Amino acid sequence: MNKIAIVTGSTRPGRLNLSVAQWVLERAQQRGDAEYEIVDIQDFNLPVLDEPFPAAYQNYQQEHTKAWAAKLEEFDGYIFITGEYNHSVQPALANALSYVNLELNNKAAGIVGYGSAMGARAIEHLRGMLSELQVAHVQKTGLFSLFTDFENFTSFAPTEISATSVEPMFDQLAAWTTAMNSVRKPALADA
């Protein structure tokens, strides 16, 4: 069974990101099409990128980088949770993605965004980053508004219409994750 990481995008105190990730995990686990797990970037204590070599070399010097890269390597696909910050991806997520490269290559990803414009601008910026990392990101996304899906802008309580936005993303991600396995692991496709 495919393993899909639900990757948080923020490390800020009082962040909304983890509650969105937990909600996504609950929805995902009802599907039975993959093993889903939250990977919280806060657990890796990644400072502003401090590796002397480009990530594509995989010549990691820092223990936090080695742990982060090893964790991401475990998965066949990803769901990235990103709020919109300054019309872009949350800084912690952009930094975390800068640490790795080959660990993500030829894998699939879905995106769940939130913000005043439902995270749309962050999602578009994240797509560019994922493309550079050779991640096949699915077209459908989960979209949540700070105005309607968060009580008092602090508690995640999605409306039913917003909640249903993740289902097409899950469907595409399940199919693409399986398809990308044949790119990464050609022997599996022949079996």
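Phe153 sits in the loop between β6 (150-151) and β7 (155-156). I took helices (H or I, at least four residues) and strands (E, at least two) as DSSP runs numbered from the N terminus. The phi of Phe153 is positive, near 60 degrees, in a residue other than glycine.

I note that this is a predicted model, where local features need pLDDT of at least 70, side-chain atom pairs count only at pLDDT 80 or more, and totals for chains, interfaces and linings use all residues. Residues are numbered from 1 along each chain as its sequence is written, and side-chain values use heavy atoms, with hydrogens and water left out.

I then checked Gln134, in the loop between α4 and β5. Gln134 also has a positive phi, about 60 degrees, and is not a glycine. Most residues other than glycine have a negative phi. I classed Gln134 as partly exposed because its relative accessibility is 45%.

Next I turned to β5 (residues 135-145). I found 8 of its 11 residues buried, so the strand is largely enclosed by the rest of the structure. β5 runs parallel to β4, with 8 bridges between them; two strands pair if DSSP finds at least two bridges between them. Within this pairing I located Gly113 opposite Leu143 in β5.

I looked at Asn101, in the loop between α3 (91-98) and β4 (107-115). Asn101 counts as buried because its relative accessibility is 15%. Leaving aside neighbours within four places in sequence, I found Asn101 in contact with Ala55, Ala56, Tyr60 and Leu133, contact meaning heavy atoms within 4.5 Å.

In α3 I listed Leu93, Asn95, Ala96 and Leu97 as buried. Their cover includes β1 (3-7), α2 (63-73), β3 (77-83) and α4 (120-132).

Last, I looked up the largest pocket, lined by 14 residues, with Arg12, Arg15, Leu16, Gln90 and Tyr114 nearest its centre. A pocket here is an open set of points on a 1 Å grid over the protein atoms alone, with protein on both sides within 12 Å along at least five of seven lines, and lining residues have an atom within 4 Å of a point. I recorded about 200 Å³ of space in the largest pocket, a volume being the space filled by probe spheres set on the points, which are joined across faces, edges and corners.

Technical notes:
On a 1 Å grid over the protein atoms alone, a cavity is a set of points where a 1.4 Å probe fits but cannot get out, and a pocket is an open set with protein on both sides within 12 Å along at least five of seven lines; lining residues have an atom within 4 Å of a point. Buried means under 20% relative accessible area, exposed over 50%, partly exposed in between (1.4 Å probe, protein chains only).
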